Amino acid sequence: MAGANSVRVAVAQMTSINALATNFATCCRLVKEAAAAGAKLLCLPENFSFAGGRRDSLKIAEPLDGPIMQGYCSLARASGIWLSLGGFQEKGSDDAHLCNTHVLVDETGNIRSTYRKMHMFDVDVPGGRSYKEGSYTEAGKEIAAVDSPFGRLGLTVCYDLRFPELYQHLRFQHGAQVLLAPSAFTEVTGPAHWEVLLRARAIENQCYVIGASQTGWHYGKSQSYGDSMIIDPWGTIVGRLPERLSTGIAIADIDLSLIDSLRSKMPIAKHRKPTDFWKSSSSSSL
């Protein structure tokens with residue numbers, strides 16, 4: 001049970017397809033399950049509302065005040081739960097581009113924060129397929145951190161996980177306590193790096209990390225690894241779905257006093273070298 005300084009959260013796992021109504025029905029079921037379990041926040045994975053190829057994704061992309069996102073805002077309001085909606089296809093500056101946007105919605109259905117994915121997944125996966133997200137996705141330029149009943153949340157998306165400097169900025173410059181990483185890690189990269197990267201981001205920043213992942217095959221072309229989990233600031237997995245390929249949720253209690261205790265005993269924020277230190281150290285060695 002949650003203690004006096006704790007709040008219950010949930011992480012979801014699903015297999016999104018290229019059908020908006022089907023995905024929404026799945027999300028409704030997961031939201032109701034999380035709310036019934038006492039969770040105050042549910043984190044859904046990247047591409048929660050739609051998973052499709054470039055052409056279809058551009059076709060369904062909408063502004064945040066469009067009917068797709070507003071439907072999820074209504075769901076949050078009806079269920080009285082916060083929703084972390086990672087990887088929404090937000091309409092870009094023209095018809096040839098979209099933004100991969102992480103949207104945070106509160107229990108009243110209001111959008112509290114948005115983050116547009118900075119790092120584009122333009123990668124030839126070893127032994128897998130080639131991905132060119134940057135060919136149709138506009139990269140974001142702004143960090144997003146926001147206060148909530150579950151601590152100060154830092155928003156990221158999937159491939160961002162490989163860039164620790166983003167998470168360090170969220171923690172040390174923006175005061176994040178809980179880092180959200182909605183994802184669709186591939187079947188090749190997932191088993192090698194997914195858990196390792198999530199736990200590393202938790203340990204080095206002394207934050208909770210919530211990794212909501214897609215799983216299984218999407219529209220017959222793309223396969224996600226799954227293994228959604230919640231990790232505490234010591235790097236311990238405190239919530240995890242029992243089946244890596246299943247659709248469902250995992251529950252954990254976030255204890256903000258644990259964050260304070262760990263940061264007090266191991267004050268890495270005080271011990272970190274400032275940016276100027278590295279500049280002078282580098283120049284003096286030449």
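This is a predicted model: local features need pLDDT of at least 70, side-chain atom pairs count only at pLDDT 80 or more; totals for chains, interfaces and linings use all residues.

Is cysteine 73 buried or exposed?

A: Cysteine 73 is buried, because its relative accessibility is 2%, and buried here means under 20%. A disulfide would need the two sulfur atoms within 2.5 Å.

At 8% relative accessibility, cysteine 99 counts as buried. The closest cysteine sulfur to that of cysteine 99 sits in cysteine 158, 16 Å off, again too far for a bond. The structure as a whole holds 0 disulfides.

Salt bridges are another matter. A search of the whole structure finds 13 of them. One joins aspartate 253 to arginine 8, with the closest N and O atoms 2.8 Å apart. That pair links distant parts of the chain: aspartate 253 belongs to strand S16 (residues 248–255) and arginine 8 to strand S1 (residues 6–14), 245 residues apart. Aspartate 253 is partly exposed, with a relative accessible area of 24%.

Lysine 91 pairs with aspartate 95, the closest N and O atoms being 2.8 Å apart. Lysine 91 is partly exposed at 35%, whereas aspartate 95 is exposed at 63%. Aspartate 147 and arginine 152 form another bridge, at 3.1 Å between the closest N and O atoms. Both count as partly exposed: aspartate 147 at 48%, arginine 152 at 22%. Elsewhere, Glu195, Arg199, Asp227 and Arg240 are linked in a network of salt bridges.

Now the pockets. The largest has a volume of about 600 Å³. Its lining counts 31 residues, and Asn47, Gly52, Tyr131, Tyr136 and Tyr219 lie nearest the centre. Elements supplying at least two lining residues each include helix H2 (54–60), strand S3 (82–91) and strand S4 (98–105). By class, the lining has 10 nonpolar, 15 polar and 6 charged residues.

The second largest pocket holds about 190 Å³ of space. Among its lining residues are Glu165, His169, Arg272, Lys273 and Trp278. Helices H4 (164–173) and H8 (275–284) are the elements that give two or more residues to this lining. H4 gives the most, with 4 residues. By class, the lining of the second largest pocket has 2 nonpolar, 4 polar and 3 charged residues.

How values were computed: Residues are numbered from 1 along each chain as its sequence is written. Side-chain values use heavy atoms; hydrogens and water are left out. On a 1 Å grid over the protein atoms alone, a cavity is a set of points where a 1.4 Å probe fits but cannot get out, and a pocket is an open set with protein on both sides within 12 Å along at least five of seven lines; lining residues have an atom within 4 Å of a point. Grid points are joined across faces, edges and corners, and a volume is the space filled by probe spheres set on the points. Ala, Val, Leu, Ile, Met, Phe, Trp, Tyr, Cys and Pro count as nonpolar, Asp, Glu, Lys and Arg as charged, and the others, Gly among them, as polar. Buried means under 20% relative accessible area, exposed over 50%, partly exposed in between (1.4 Å probe, protein chains only). A salt bridge is a side-chain nitrogen of Lys or Arg within 4 Å of a carboxyl oxygen of Asp or Glu.
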